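Let's take a walk through a protein model together. Have a look at the picture first, then read on.

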Amino acid sequence: MSQVIRSPKQYDVCIIGSGAGGGMAAKVLTEGGLNCALLEAGPEVHPEKDFKMLMWPYEAPHRGAGVGGRARENFGEFLAPNGAWHIEGEPYTSAPGSDFQWFRSRIVGGRTNHWGRIALRFAPVDFKSKTRDGLGDDWPITYEDLSPYYDKVESYIGVFGTKENVPSAPDGVFLPPPKPRCTELMVKKACDKLNITCIPSRLAILTKSVNGRLPCHYCGQCGRGCITASNFSSSQVLIPPALKTGKLTMITGAKPRAPKNASTPEPSSWPPAPANRRACCSIPNPLYSPQESPTPPARSADT
Ligand SMILES: Cc1cc2nc3c(=O)[nH]c(=O)nc-3n(C[C@H](O)[C@H](O)[C@H](O)COP(=O)(O)OP(=O)(O)OC[C@H]3O[C@@H](n4cnc5c(N)ncnc54)[C@H](O)[C@@H]3O)c2cc1C
Ligand code: SF4
């Protein structure tokens with residue numbers, strides 16, 4: 001009897017996660033000509049309808065605080081992370097005596113949908129912490145090695161700031177900063193009097209149009225996600241150009257079971273995937289199960 005043997009599609013690269021790191025990898029590698037698969041644990045995001053930039057408090061259940069105020073723990077119902085401090089099925093530990101917590105987003109763009117947009121460079125000394133104070137390790141590369149890449153990233157994503165020659169906060173390729181507000185002028189005056197350095201922040205927010213993205217209109221709702229893409233998010237600034245190359249296959253609601261290398265046990269020894277999960281790479285998001293909800297429901301910015 002004849003048998004059809006299907007050969008699975010082979011990719012040059014498999015990228016895991018579509019946030020700051022994965023999104024940039026997807027853009028650079030696909031624009032460089034490589035065929036990439038991107039596995040993203042969370043659901044798709046559609047900024048124009050999912051981001052709550054223009055939503056009134058009375059339009060949100062419980063005015064954004066969630067039942068019993070519980071949504072506040074995960075940044076409230078307006079914000080755009082779709083994540084949590086603790087995610088079922090994703091163990092998290094901290095060192096004895098430490099209660100260090102690490103917020104995790106599970107959605108296309110990851111934490112870049114709601115990060116603070118403070119876009120600072122490491123300083124030369126940050127690459128030499130062991131030499132400086134004996135803690136951590138020195139990096140195998142220096143600030144000078146990385147600096148041209150900071151230049152490229154800042155030029156592409158758009159970061160405002162001012163050149164100040166502060167050794168711990170190297171200058172970059174900056175858009176002009178917005179004008180200071182009255183309160184900021186007062187703080188600056190007081191700092192000058194006390195001889196404290198006071199400079200405009202460096203934020204990945206456009207004060208001028210960049211690559212067709214509109215400049216900020218100062219609504220002050222960056223954490224909710226910016227519908228006009230005037231601040232940087234991977235979901236709006238990195239993933240779309242990567243998809244446009246035609247070389248990116250993005251699979252949402254998907255995780256790799258395990259990278260396979262010489263020291264990885266054979267797949268048969270891994271726990272089998274439950275029947276409702278796709279074969280190699282699907283652990284449903286605890287917040288949005290892709291099987292139940294292929295796109296985020298209206299309250300995508302809940303957590
Ligand atoms: C509230 C908040 C404010 C912040 N503000 C700032 C700031 O102002 N300045 C600053 O520099 N940094 C800030 N950060 C930190 C910054 O957002 C992160 O350092 C950055 O997004 C990390 O990039 P990443 O690619 O490692 O992870 P993320 O951007 O979180 O992306 C990870 C992606 O991988 C997916 N994923 C995770 N595990 C898997 C898996 N097993 N399989 C498939 N997909 C997976 C996730 O769903 C997610 O989409 C902030 C973070 C938070 C939470
Ligand atoms: S970048 Fe500007 S326009 Fe966009 S959410 Fe932030 S303040 Fe509003």
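Predicted model: local features only at pLDDT ≥ 70, side-chain atom pairs only at ≥ 80, totals over all residues.

| Ligand | Residues around it | Closest residues |
|---|---|---|
| Ligand 1 | 25 residues | Gly17, Gly19, Ala20, Gly110 and Gly116 |
| Ligand 2 | 13 residues | Cys216, Cys219, Cys222, Cys226 and Asn231 |

The shell around ligand 1 splits into nine nonpolar, eleven polar and five charged residues. Helix α1 gives this shell its largest share, three residues, and the elements that supply two or more residues are α1 and β2. Around ligand 2 there are seven nonpolar and six polar residues, but no charged ones.

In soluble globular proteins, nonpolar side chains tend to be buried together. Here, the largest nonpolar core has 40 residues, and Ala26, Cys36, Leu38, Val159 and Ala204 touch the most other members. At least two core residues come from each of α1 (20-31), β2 (36-40) and α7 (239-244).

Who does Leu38 touch, leaving out residues up to four places away in sequence? The list is Ile15, Ser18, Gly22, Ala26, Leu248, Thr249, Met250 and Ile251.

**One helix up close**

Helix α4 covers residues 143-157, 15 residues in total. From first C-alpha to last, α4 reaches 20 Å, close to the 21 Å expected at 1.5 Å a residue. Just after α4 sits Gly158, with a positive phi of about 85°.

Key:
Residues numbered from 1 in each chain as written. Chains lettered and ligands numbered in written order. Near = placed C-beta within 6 Å. Nonpolar A, V, L, I, M, F, W, Y, C, P; charged D, E, K, R; others polar. Helix = DSSP H or I, 4+ residues; strand = E, 2+ residues; numbered from the N terminus. Expected span 1.5 Å × (residues − 1). Core = buried A, V, L, I, M, F, W, Y, C linked by C-beta atoms within 7 Å. Buried ≥ 20, exposed ≤ 12 C-beta atoms within 10 Å, placed from the backbone. Contact = placed C-beta atoms within 7 Å.
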